[in-house]
Amino acid sequence: MTLPFVAGMVLFLVLPCIAVLGMAFTDWSLGAREFGFVGFQNFEVLFGDRTFRQSLGNTLIFAAIVTPVSVAIGLWLAVLVEASVRGRAFFRSALFLPVVSTTVAMAIVWEFLLHPTLGPVNTLFAALGLPRQGFLADADTVLVTLAMIGIWENAGYVMVLTLAGLKSIPSDLYDAGAIDGVDEGWSRFWAITFPMLGPTMVFVVIVSLLRSLRTFDTVAALTQGGPRGSSEVLLWTIYEEGFMFFRVGYAAALTVVFVVLLLVITFVKFRVLDRAVHYG
């Protein structure tokens, strides 16, 4: 009964991973009939490559902004939605909409909203006497702008996961808290809700971090890594090297380093967060 699943996993996951690992040690170019093994040469070039260092830095900065802010906003939204008596289903669906919407469609909307001359945001700035901003065209603001879009995309996802965690908290804990005087507001949240959300929050933080590190669609649709590489992230660099410059061997080496980075960050994050979690 498990054979179809195992066969699919081997065919579409295990074998491609082995192929990428093998290609990382070659000089193969897309479309070439021959290739040669170059050992660790791709990795030596990679760590000396300014583009790689810049895209790595941009990726880490992007994740450092998006992950904590989206988790905090998602948690706040989940608590508000769960506490609301009316319109709970509507708000849950509306706030989750950015997650299920196609990235290209949302990118077109954001591109219009942030347009330097026609966009409503800059129109509002002008009406308030503020200078217009080239949000996606200025090297100083583009990465922060993309991070704000990333927060908007991820907060609804965090909210839904957190709502599931809130549903799992036994109601008798709140009854016991009310007897002890912890019956409302922030006191109940910090004494009961947040500690009991510990396992959920570990999962939410790690998943949000991985989603932030794997950002690609928004960059591809809005900036293509520009201007001057100021919004280039690791997945865009991998795509660019493999499918624009056809340097598949080098792109595979980038992929290997990227996967190792994800594994290390996830392991460290899990170890740090897991120590502070109460599993009831």
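**Chatting through a predicted helical model**

Student: Leaving aside its neighbours within four places in sequence, what is L114 in contact with?

Tutor: L114 is in contact with V121, N122, Q133, F135, L136, T145 and I149. Contact here means heavy atoms within 4.5 Å.

Student: What sort of model am I looking at, and how are residues numbered?

Tutor: This is a predicted model, with residues numbered from 1 along each chain as its sequence is written. Local features need pLDDT of at least 70 and side-chain atom pairs count only at pLDDT 80 or more, while totals for chains, interfaces and linings use all residues; side-chain values use heavy atoms, leaving out hydrogens and water.

Student: OK, back to L114. Where is it found, and is it buried or exposed?

Tutor: L114 is in the loop between α5 (103-113) and α6 (120-127). It's buried, because its relative accessible area is 10% (buried means under 20%, exposed over 50%, partly exposed in between, with a 1.4 Å probe and protein chains only).

Student: How far apart are L114 and T145 in sequence and in space?

Tutor: They're 31 residues apart in sequence, and 9.3 Å apart in space, C-alpha to C-alpha.

Student: Zooming out, how many helices and strands does the protein chain have?

Tutor: It has 13 helices and zero strands. Both are DSSP runs numbered from the N terminus: helices are H or I with at least four residues, strands are E with at least two.

Student: And what does the C-alpha trace span? How much of the chain is buried?

Tutor: Along its principal axes, the trace spans about 75 × 60 × 35 Å. Of the 280 residues, 36% count as buried. Also, among contacts between residues at least 6 apart in sequence, 67% join residues at least 24 apart.

Student: New topic: how many salt bridges are there?

Tutor: The count is two, where a salt bridge is a side-chain nitrogen of Lys or Arg within 4 Å of a carboxyl oxygen of Asp or Glu. One joins the side chains of K167 and E82 at 3.5 Å, N to O. That pair links distant parts of the chain, with K167 in helix α7 (residues 142-167) and E82 in helix α3 (residues 50-83), 85 residues apart.

Student: Which side chain does E241 meet in a salt bridge?

Tutor: R247, at 3.2 Å, N to O. E241 lies in helix α12 (residues 234-243).

Student: Where does α4 bend?

Tutor: At A94, by about 25°, and a proline, P98, follows within four residues. The bend is the angle between axes fitted to the seven residues ending there and the seven starting there.

Student: Last one: which residues make the nonpolar surface patch?

Tutor: F5, V6, M9, V10, L11, F12, L13, V14, L15 and I18 make a patch of about 940 Å². Patches use residues with over 30% relative accessible area and no salt bridge, joining like charges within 9 Å and nonpolar side chains (Val, Leu, Ile, Met, Phe, Trp, Tyr) within 5 Å. The areas come from the Shrake-Rupley method with a 1.4 Å probe, and for residues only the protein chains shown count as cover. V6 is found in helix α1 (residues 3-23), and is partly exposed at 35% relative accessible area.
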